[in-house]
Amino acid sequence: MLLQINFKSGLPIYLQIVDQIKAVAASGALRPGEALPSIRPLAEELRVNRNTVAKAYSELESLGIIETLPGRGCFLKENHSALRKEVRRKLLTDEIDQAIVQAHHLQVPHDEFLQLVHERLTVLDGKRRDHEDQKEAPNGNAKESQKESAKKNEEAQ
Amino acid sequence: MNSQTNSPVNSLTPPIQIENLTYAYGSAEAVRDLNLTVRPGRCYGLFGRNGAGKTTTMRCLLNLLRPQSGSVRIFGLDPAKQEVEVKRSLSYVPDQVVFYPWMSIRETLDYLASFRPNWNREIERELLQRFGLDPAQRTGSLSKGQRTQVALIAAVCPETDLLVLDEPTSGLDPIVRREFIEAVIGAYQQGVPGHRTILVSTHLIAEFEGLIDEFTIMDRGHAVLTLDADHARERYQKIRVGFAQSMPDIDLRAALRVRRDGRDLELVVNGGGAELLERLRQHNPQTLSTESLTLEEIFVATLKS
């Protein structure tokens, strides 16, 4: 997991860390039970305030995404969908609304928008499966790179 | 009487409080009516061009200069009246680091430690190793970067709750500058997480961007802008927009800066970005993008407008 801070995004730094960890957790790049980097080395590596990283971690903990085991560090929780279903739906609805508004301004019609959503779901599901494959078959590199290049072609189109 | 047991320091006392500070060298006013509060655990940036009054402000905090009017307080104490307590509660890395050139690094650190009630040998060892410094080397033969590294070690080891950095990285090479900031985060902030306060004056703003919680931009002795860093990046935005045909007639008075070229427009706004974006969208632009200004860009935009 390699986090990256973008000072031009307009998002608070701690929130960028929260969002990126949520994303790696959702994609399967970080798996339940796996350790997150400790606060100090992560803060040094990103060259951000230590308190900012600590704030991001405590936010992730209160969201039920990670847990802190005293003396051992922070780990991705086994079942990290701690938010209630309606809260999760609400959060997602806001994001979808933004994409719909953007589609309207870019003059992308409804059917094309829905098709694009399906395409993205397929691509991201593929990535998720790749992570799981890597976990089960660490030697399947040839197959991996084939799949990667196939996907790149698909994305280029 | 032990000054530590009756110290008025508690978790709510601001580490630094400056009220209506004014200082002039003869008739040349260096700082004019400055107000600034640094809350516990924060990393506060003091930004300004050379001669803006940053160093004079620092010198008043350290009792190297007496305020001509107004007041400065360190953990609620007056540096002029409670000099010993104030000196004990903070450490300082100056812009020009000077040591006795005949002393070795080891002797220098031992000498500086003798003035401190507390000195963390473990951190000292860790930082000497991290910076690749040879304790036996005489300070007279150190490079500027190495002298700054020794000064940082001497500032971190006493484990004070306030670290004052005056242009700490100017004149150093990029690698040394990075290592310096990483050591501030790793060795100093790690000490008592959430309670270590930093005041840093610099014009190399980009390097400290991730560390700064809040900042004041000074210009000709005045504070011209004080903001929380995240909030500043949210407010100051650059909007780029391109139209397919001619440029529509849009009210751009809210923009801080406007650049035009044919059908392209670049705007810098301070707040009100969302509202302006909405108005631009109504004209169906061909391209539209926004990004936040970095603290350095905000600094430039503030001083050039």
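## Strand pairing around β10 of chain B

In this predicted model, strand β10 of chain B, which covers residues 236–242, pairs with strand β12 of chain B, residues 264–270, in the antiparallel sense over seven bridges. Within this pairing, B:Gly242 has B:Asp264 of β12(B) as its bridge partner.

β10(B) also pairs with strand β13 of chain B, residues 287–292, and here the sense is antiparallel over six bridges. In that pairing B:Arg240 stands opposite B:Ser289 of β13(B).

## The six-stranded sheet of chain B

Chain B also holds an open sheet of six strands, whose order is β5-β6-β7-β3-β8-β9 and whose pairing is mixed. The strands β5 (90–93) and β9 (222–228) of chain B stand at the edges, and because each has a single partner strand, one side of each is left without a neighbour in the sheet. From one strand to the next, the twist averages 15°.

## Two domains in chain B

The domain assignment divides chain B into domain 1, residues 16–220, and domain 2, residues 232–304. The C-alpha centres of domain 1 and domain 2 of chain B lie 38 Å apart, and the contact between them takes eight residues from domain 1 and six residues from domain 2.

On the side of domain 1 of chain B that touches domain 2, α7 (205–208) and β8 (214–219) of chain B each supply at least two residues, and β8(B) gives the most, with three residues. By class, this side of domain 1 of chain B has six nonpolar and two charged residues, with no polar ones.

## A helix pair in chain A

In chain A, helix α1 (residues 13–27) and helix α3 (residues 50–62) pack at an angle of about 45°, and their axes are 8 Å apart. That angle makes α1(A) oblique to α3(A), and α1(A) passes α3(A) in a right-handed crossing.

The residues that α1(A) brings to the contact are A:Ile13, A:Tyr14, A:Ile17, A:Val18 and A:Ile21, while α3(A) brings A:Thr52, A:Val53, A:Lys55, A:Ala56, A:Glu59 and A:Leu60. Divided by class, the residues of this contact between α1(A) and α3(A) are eight nonpolar, one polar and two charged.

Definitions and conventions:
Residues numbered from 1 in each chain as written. Chains lettered and ligands numbered in written order. Predicted model: local features only at pLDDT ≥ 70, side-chain atom pairs only at ≥ 80, totals over all residues. Domains from an automatic or database assignment. Contact = placed C-beta atoms within 7 Å. Helix = DSSP H or I, 4+ residues; strand = E, 2+ residues; numbered from the N terminus. Nonpolar A, V, L, I, M, F, W, Y, C, P; charged D, E, K, R; others polar. Pairing = 2+ DSSP bridges. Axes fitted to C-alpha atoms, helices over the stretch in contact; angles between N-to-C directions. Parallel < 35°, antiparallel > 145°, perpendicular 65-115°, else oblique. Left-handed = near helix turned anticlockwise from the far one by under 90°.
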